[in-house]
Amino acid sequence: MKLKEGVTLAGLNILMRPVLRHAERLWVAHGQEDGVTITEALGGTHSATSWHYYGLALDLRTRYFTTEVYNGITLEMRKALPEFDVVAHSTHMHVEIGNVLAKRHGLLT
Ligand SMILES: [Zn+2]
């Protein structure tokens, strides 16, 4: 696993650990020897209600994948992490806590 320069995981919510574990596994399985690169965690500028600010969202590097591989990894991430929302943006994969999981932990009212 690598962090983009300037990115820190300090403050990442413990609930995001499965995301790191499965992303690392899948990135390695698809040829990224160094594993996944986290391109944003708690930093950056996002929409006002973004889970990023609470350490409950991560952005993952995908630029080296072909469309076919990226589509496959997206499906595998959704299968491995059913309680998370996996969004395949053109520039990166965004993964955040799903609403059911968030409600279970009192994070949504
Ligand atoms: Zn994001």
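Start where two helices meet: select His22, Ala23 and Leu26 in helix 1, then Ile73, Glu76, Met77 and Ala80 in helix 2, and you have the residues that touch across the two. Contact here means that the C-beta atoms of two residues, placed from the backbone, lie within 7 Å. Helices (H or I, at least four residues) and strands (E, at least two) are DSSP runs, numbered from the N terminus.

Before going on, two notes on the model. It is predicted, so to speak of a local feature the pLDDT has to be at least 70, side-chain atom pairs count only at pLDDT 80 or more, and totals for chains, interfaces and linings use all residues. Residues are numbered from 1 along each chain as its sequence is written.

**The helix pair**

Keep both helices on screen. Two packed helices are described by the angle between their axes and the distance between the axes. Helix 1 and helix 2 pack at about 150°, with 10 Å between their axes. Axes are lines fitted to C-alpha atoms, for helices over the stretch in contact, and angles run from 0 to 180 degrees between N-to-C directions.

**Zoom out**

Now show the whole protein chain as a cartoon. How many helices and strands does the protein chain have? There are 3 helices and 5 strands, and from the N terminus on they run β-α-β-β-α-β-β-α. The radius of gyration is 13 Å, close to the 13 Å that the globule rule gives for 109 residues, so the chain is as compact as a globular protein of that length. That radius is taken over C-alpha atoms, and the rule is 2.2 Å times the number of residues to the power 0.38. Along the principal axes, the C-alpha atoms fill a box of roughly 40 × 30 × 20 Å.

Now go across the strands. Strand 2 (residues 37–40) and strand 3 are antiparallel, over 2 bridges, and glutamate 40 stands opposite aspartate 59 in strand 3. Aspartate 59 also stands opposite histidine 94 in strand 5. Strand 3 (residues 57–61) and strand 5 are joined by 5 bridges and run antiparallel. Another 5 bridges join strand 4 (residues 84–88) to strand 5, again antiparallel. Strand 4 and strand 5 form a hairpin with 3 residues between them. To see their pairing, pick alanine 88 with its bridge partner methionine 93, then phenylalanine 84 with its partner isoleucine 97.

**Into the core**

Is strand 5 (residues 92–97) mostly covered or uncovered? Mostly covered: 5 of its 6 residues are buried. A residue is buried if 20 or more other C-beta atoms lie within 10 Å of its own, exposed if 12 or fewer, and partly exposed in between, with C-beta atoms placed from the backbone. Over the protein chain, 25% of the 109 residues count as buried.

Select Val19, Leu58, Leu60 and Val95: of the 18 residues in the largest nonpolar core, these touch the most other members. Helix 1, strand 3, strand 4 and strand 5 each supply at least two residues of this core. Such a core is a set of buried Ala, Val, Leu, Ile, Met, Phe, Trp, Tyr and Cys residues joined through C-beta atoms within 7 Å. Centre on leucine 60: beyond its neighbours within four places in sequence, its contacts include Ala23, Val36, Ile38 and Val95.

**Two loop stops**

Lysine 4 lies in the loop between strand 1 (2–3) and helix 1 (17–29). It is partly exposed, with 13 other C-beta atoms within 10 Å. Leaving aside neighbours within four places in sequence, lysine 4 is in contact with Thr37, Ile38 and Thr39.

Finish at threonine 45, in the loop between strand 2 and strand 3. Why does threonine 45 count as exposed? Because it has 7 C-beta neighbours inside 10 Å. Draw a line from threonine 45 to glycine 6: they are 39 residues apart in sequence, and 14 Å apart in space, C-alpha to C-alpha.

Definitions and conventions. Pairing = 2+ DSSP bridges.
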